[in-house]
Amino acid sequence: TYCLDEVSNHAIALLLACIRRITETHQKIARGGWDVNPPAAIHRTAGRTLGLVGLGNIGQAVARKMGCWGMNLVAADPFVDPSRAQALGVKLVGLDELLAESDFVSLHTPLLPETRHLMSQREFSLMKPGAILINTARGPVVDSTALLAALDKGKPAMAGLDVFEEEPPPADSRLRSHQRVILSDH
């Protein structure tokens with residue numbers, strides 16, 4: 001239960017920052033720009049699908065908090081009790097189905113041999129165009145090289161990262177400067 005509320009809140013903060021393009025808009029205005037009709041899409045949350053990869057304590061906290069935002073909730077977790085997911089209003093699906101259906105994907109898995117690079121080239125290719133990836137779980141759950149290549153192709157369209165394969169990321173890491181990545185320092 002350590003930092004359940006804080007980590008789930010941070011995952012949601014990164015998600016909302018990506019959805020609403022807060023960092024990008026702030027930087028544009030700070031440079032003197034202003035555009036009430038931005039070229040990049042800013043989406044509503046209602047009616048969208050949030051996929052939770054891992055429905056342990058933190059994933060459940062995110063589900064409880066985001067369930068009242070009018071979102072469809074799906075989760076991939078082979079170990080969760082189906083009645084627990086149902087009580088949270090979460091539909092259990094396989095990872096491939098979650099990636100194909102979700103507008104937003106939030107990772108909440110432990111780092112195990114089976115979850116290292118769980119999100120890699122194949123998984124990114126399954127995501128919907130415009131999808132957003134959030135990782136507040138463990139850095140090596142995401143293959144950073146594959147993520148950068150996928151971001152360059154627009155699947156996912158954005159990523160909010162609080163954890164990294166190497167912490168801190170090297171000074172020359174493209175993650176630090178990629179225009180569609182929002183970072184926070186674990």
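Ser 102 has a relative accessibility of 0%, so Ser 102 counts as buried. Buried means under 20% relative accessible area, exposed means over 50%, and partly exposed is in between, with a 1.4 Å probe and protein chains only. Before going on, note that this is a predicted model, in which local features need pLDDT of at least 70, side-chain atom pairs count only at pLDDT 80 or more, and totals for chains, interfaces and linings use all residues. Residues are numbered from 1 along each chain as its sequence is written, and side-chain values use heavy atoms, with hydrogens and water left out.

Where is Ser 102 placed? Ser 102 is in the loop between α5 (95-101) and β4. Helices here are DSSP runs of H or I with at least four residues, strands are runs of E with at least two, and both are numbered from the N terminus. What is Ser 102 in contact with, leaving aside its neighbours within four places in sequence? The list is Thr 49, Leu 50, Gly 51, Val 74, Lys 128 and Ala 131. Contact means heavy atoms within 4.5 Å.

Ser 120 sits in the loop between β4 (104-107) and α6 (121-126). Its relative accessibility is 17%, so Ser 120 counts as buried. Apart from neighbours within four places in sequence, Ser 120 is in contact with Asp 143 and Ala 146. His 117 also lies in the loop between β4 and α6. His 117 is partly exposed, with a relative accessible area of 30%. The phi of His 117 is near 60°, which is a positive value in a residue other than glycine.

Arg 21 has a positive phi too, near 55°, and is likewise a residue other than glycine. Arg 21 lies in the loop between α1 (4-19) and α2 (22-30). At 14% relative accessibility, Arg 21 counts as buried. As background, most residues other than glycine have a negative phi, and most peptide bonds are trans.

Which residues does a cis peptide bond with omega of about 10° join? They are Lys 155 and Pro 156. Pro 156 is in the loop between α7 and β6. Another cis bond runs from Glu 167 to Pro 168, with omega near -5°. Pro 168 belongs to the loop between β6 and β7 (181-183).

Gly 154 is in the loop between α7 (144-153) and β6 (158-161). With 23% relative accessibility, Gly 154 counts as partly exposed. Beyond its neighbours within four places in sequence, Gly 154 is in contact with Pro 129, Gly 130 and Arg 180.

Next, the cysteines. A disulfide is a covalent bond between the sulfur atoms of two cysteines. The rule used here is a pair of cysteine sulfur atoms within 2.5 Å, and by this rule the count comes to zero disulfides. Cys 18 is in no disulfide, and the nearest cysteine sulfur, that of Cys 68, is 20 Å away. Is Cys 18 buried or exposed? At 1% relative accessibility, Cys 18 counts as buried. Cys 3, at 25%, counts as partly exposed.

Last, the whole chain. The protein chain has seven helices and seven strands, in the order α-α-β-α-β-α-β-α-β-α-β-α-β-β along the sequence. The radius of gyration of the protein chain is 16 Å, close to the 16 Å that the globule rule gives for 186 residues, so the chain is as compact as a globular protein of that length. That radius is taken over C-alpha atoms, and the globule rule is 2.2 Å times the number of residues to the power 0.38. The C-alpha atoms fill a box of roughly 50 × 35 × 30 Å, taken along the principal axes. Of the 186 residues, 47% count as buried. Among contacts with a separation of 6 or more, 62% are between residues 24 or more positions apart.

That is the end of my part.
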